[in-house]
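Morning, everyone. Let me put the model up and walk you through it.

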Amino acid sequence: MFQPPFILSNASSIEPALTFILLAAEPIHPYTIPALRPCPSQHVVEEDPREPYTVDMLASIWTHLNLSSPLHTAVFACLTTAFYATARIGELTTKTLHSFNPTMHIKPSNVREEWDHQGNMVMNFHLPKLKSAPNGEDINWARQNGLSDPSAAFENHMNLNSPP
């Protein structure tokens with residue numbers, strides 16, 4: 001069973017914590033996110049391929065987090081949003097807290113509730129600017145049953161952290 005790494009409580013950004021978690025479970029495959037791999041100039045020891053993320057893995061991560069911690073709450077909300085919206089972590093994070101740019105990075109005003117053709121509520125996130133989409137694009141997820149529910153994780157993040 002997957003055991004998530006320890007997350008430092010004094011991290012200045014959620015990106016290092018997310019990268020740490022993702023590297024622990026990232027499958028080694030030509031189509032994985034290159035930014036999460038070590039630089040080619042570094043000595044890399046080949047490892048066996050890792051299992052892809054699953055709902056059970058997200059639930060396991062949930063059990064190791066302190067969701068009253070602002071950092072852990074932000075990490076889990078970002079992780080569940082990336083998983084259920086099939087987004088890249090870099091599309092949802094900044095390098096540091098000080099590098100946040102509201103014209104380039106997602107903020108609460110870029111999030112809205114919508115309804116699909118069957119009348120189910122979906123949460124829509126407008127990503128203002130991406131390398132592959134300079135004018136931005138939308139990603140979304142729907143409420144899920146269980147510990148990995150992105151709706152509960154996002155609501156907890158918004159209540160605890162009150163991002164700008």
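A residue counts as buried under 20% relative accessible area, exposed over 50%, and partly exposed in between, with a 1.4 Å probe and protein chains only. By that cut-off, 40% of the 164 residues in the protein chain are buried.

Some ground rules. This is a predicted model, so local features need pLDDT of at least 70, side-chain atom pairs count only at pLDDT 80 or more, and totals for chains, interfaces and linings use all residues. Numbering starts from 1 along each chain as its sequence is written, and side-chain values use heavy atoms, with hydrogens and water left out.

Now the layout. Four helices and three strands make up the elements of the protein chain; these are DSSP runs, helices being H or I of at least four residues and strands E of at least two, numbered from the N terminus. The order from there is α-α-α-β-β-β-α.

Next, the helix pair. The axes of α3 (residues 70-84) and α4 (residues 150-161) come within 8 Å and cross at roughly 145°. Those axes are lines fitted to C-alpha atoms over the stretch in contact, with angles from 0 to 180 degrees between N-to-C directions. Contact means heavy atoms within 4.5 Å. Among the residues making it are F76 and Y84 of α3, and F154 and L160 of α4.

Last, the hairpin. Strands β1 (residues 111-115) and β2 (residues 121-127) pair in the antiparallel sense over five bridges; pairing takes at least two bridges found by DSSP. E113 has M123 as its bridge partner in β2. Five residues lie between the strands, and G119 takes a positive phi near 85°.
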